[in-house]
Amino acid sequence: MRNLLLFAAASLFLFSACDDDDNDVMVQDKLNLNITGLEDLGDDYAYEGWLIVNGKAISAGIFNVNESGALSQTSFPINSADLSNAAAYVLTIEPSPDNDPAPSNIHILAGDFSGSKATLSVGHSSALGSDFSSSTGSYILATPTDGADSNEKSGVWWLDPSGGPGAGLSLPTLPSGWKYEGWAVIDGVPVTTGKFTSVSGADDSAPFSGNQAGPPFPGEDFLMNAPTGVIFPTDLAGKTVVISVEPEPDNSAAPFLLKPLVGMVPADADDHTLYDMSNNSQATNPTGNVTR
């Protein structure tokens with residue numbers, strides 16, 4: 001009888017202990033997302049949220065975005081203690097599938113919690129660190145890499161001839177995980193002018209330029225190796241030029257959603273004449289909030 005009572009007591013203790021543990025594990029609350037302005041990343045990448053708890057990043061859910069910008073999931077069950085103790089929320093772009101449990105370097109949105117809500121922005125110090133609202137740009141049309149005074153409206157260079165020449169762009173330094181990229185939209189096709197991190201140095205490629213060296217600034221001559229649907233040389237008068245901010249590694253050959261500077265080239269544009277770009281950051285920066 002004594003052994004039977006001991007067994008019953010031990011069984012009750014074990015049941016109670018397991019019940020307590022289960023309750024600890026199952027105590028969850030909801031993290032709700034309200035984010036607009038994100039884009040479809042394709043099949044190889046996804047968005048992942050992170051809670052910053054005591055300086056540590058804890059995954060707060062993975063989601064995708066469709067062609068209309070709608071999130072595949074907007075509410076995530078989160079451990080109650082982690083959620084209540086979170087100081088900030090950070091949204092990253094991650095490879096899919098992802099074998100690394102840590103956040104990538106590509107932080108696109110972040111915000112600090114104030115009570116139950118965190119307002120998200122690209123300008124947060126844990127995201128890109130700037131909202132690009134003070135960015136400016138100017139450019140000229142020219143084709144310096146062909147060595148001839150011809151087809152001069154078939155190239156775009158972000159430089160100021162009056163500066164000796166000088167930089168035509170004023171942009172913030174990007175954190176790791178991001179690069180700038182120039183574009184010309186030719187007959188509806190966005191054609192890259194190359195990626196760069198410095199406004200006072202050459203970009204990282206010259207796939208369409210001629211055989212001579214270009215100036216040490218971002219830009220491109222559209223003279224050879226035209227992509228499908230485009231004919232080189234071209235005339236950029238009346239076309240559009242763009243500076244985008246791209247994730248690194250890049251999820252697509254097309255421009256990313258962040259396009260802080262846009263220039264509508266005048267229809268009567270002259271070559272070697274400086275033209276200004278418009279600040280487009282407010283129109284393309286994603287925004288939103290998360291609530292707990």
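Okay, hi everyone. Some ground rules before we look. Residues are numbered from 1 along each chain as its sequence is written, and side-chain values use heavy atoms, with hydrogens and water left out. Because this is a predicted model, local features need pLDDT of at least 70 and side-chain atom pairs count only at pLDDT 80 or more, while totals for chains, interfaces and linings use all residues.

So, what is the protein built from? We get three helices and 20 strands.

Next, the domains. The assignment, which is an automatic or database one, gives domain 1 at 28-129 and domain 2 at 136-283. Their centres, over C-alpha atoms, are 32 Å apart. How many residues of domain 1 are in contact with domain 2? It's 15, and they meet 15 residues of domain 2. Contact here means heavy atoms within 4.5 Å. And across the protein, among contacts between residues at least 6 apart in sequence, 63% join residues at least 24 apart.

What about inside and outside? Buried residues make up 44% of the 292. Buried is under 20% relative accessible area, exposed is over 50%, and partly exposed is in between, with a 1.4 Å probe and protein chains only.

Now let's zoom in on the loop between β16 (240-247) and β17 (258-264), where Pro255 is found. Leaving out residues up to four places away in sequence, Pro255 touches Glu39, Trp183, Pro190 and Glu246. Its C-alpha atom is 9.0 Å from that of Ile243, 12 residues away along the chain.

Asn251 lies in that loop between β16 and β17 too. Buried or exposed, what is Asn251? Asn251 is buried, because its relative accessible area is 16%. Beyond its neighbours within four places, Asn251 is in contact with Glu39, Asp40, Leu41, Tyr45 and Phe256.

One more from the loop between β16 and β17: Pro249. A cis peptide bond joins Glu248 and Pro249, with omega about 10°. There's also a cis bond between Phe232 and Pro233, omega about -10°, and Pro233 sits in the loop between β15 (219-221) and β16. Why point these out? Most residues other than glycine have a negative phi, and most peptide bonds are trans.

Asp187 counts as exposed because its relative accessible area is 55%. Asn225, in the loop between β15 and β16, has a positive phi of about 60°. Asn225 is exposed as well, at 53%.

That's my tour, thanks!

Terms used
Helix = DSSP H or I, 4+ residues; strand = E, 2+ residues; numbered from the N terminus.
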